[in-house]
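Student: Could you walk me through reading a structure like this one? I would like the general idea for each feature, then the case at hand.

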Amino acid sequence: MTATNDLERLQRLIDDAYVVLIDGFQGAAHQLGSAIDEGKHDSPSLQETLQTLYKAVTALQFQDMASQLIVHTNKRLRSCADQIARDAMGDDPDGMAVVEELPLKPNPVTQDEMDAGSVELF
């Protein structure tokens, strides 16, 4: 259960980083809008903004994958803790102890490197 609590704290940290990413997207969008309004389509500042966006997209993809993995691992740990408790203490007088089923996939996230790619924002 300590590990699941640690995972929940980690999820909160990642969620905080996500907020920073969203701020980065808003800042980059503002910079792009200003550059386009000024007709500076090939300016170094516009190219720098594009690079910033690529990094933000990569970080956003990491946040999504990390969150999926945390949720998956948390479910696996809780299921194991429930099974250990049921085996150690037996069933309740009211019936069998309920153990949450393990997730079907052993790992929901299989990507091991991060590159900027396309992301559909909605």
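The dialogue below goes from confidence to helices, core and contacts.

Tutor: Happy to! This is a predicted model, where local features need pLDDT of at least 70 and side-chain atom pairs count only at pLDDT 80 or more, while totals for chains, interfaces and linings use all residues. Residues are numbered from 1 along each chain as its sequence is written, and side-chain values use heavy atoms, with hydrogens and water left out.

Student: What pLDDT does the chain average?

Tutor: pLDDT is the predictor's confidence in each residue, from 0 to 100. The chain averages 75, and 80% of the residues score at least 70. Over residues 118–122 the pLDDT is below 50, and that stretch has four contacts in the model beyond near neighbours in sequence; contact means heavy atoms within 4.5 Å. Where pLDDT is low, the predicted coordinates should not be read in detail.

Student: How many helices and strands does the chain have?

Tutor: Both are DSSP runs, numbered from the N terminus: helices are H or I with at least four residues, strands are E with at least two. Here there are two helices and zero strands.

Student: Which residues make up the largest nonpolar core?

Tutor: In soluble globular proteins, nonpolar side chains tend to be buried together. A nonpolar core is a set of buried Ala, Val, Leu, Ile, Met, Phe, Trp, Tyr and Cys residues joined through side-chain atoms within 4.5 Å. Buried means under 20% relative accessible area, exposed over 50%, and partly exposed in between (1.4 Å probe, protein chains only). The largest core here has 10 residues, including Leu-21, Phe-25, Leu-53 and Leu-60. Helices α1 (2–37) and α2 (44–89) each supply at least two residues of this core.

Student: Is Thr-4 buried or exposed?

Tutor: Thr-4, in helix α1, counts as buried because its relative accessibility is 1%. Leaving aside neighbours within four places in sequence, Thr-4 touches Asn-74, Leu-77 and Arg-78. Asn-74, in helix α2, is buried at 12%.

Student: And where is Asp-64?

Tutor: Asp-64 is in helix α2 and is partly exposed, at 41%.
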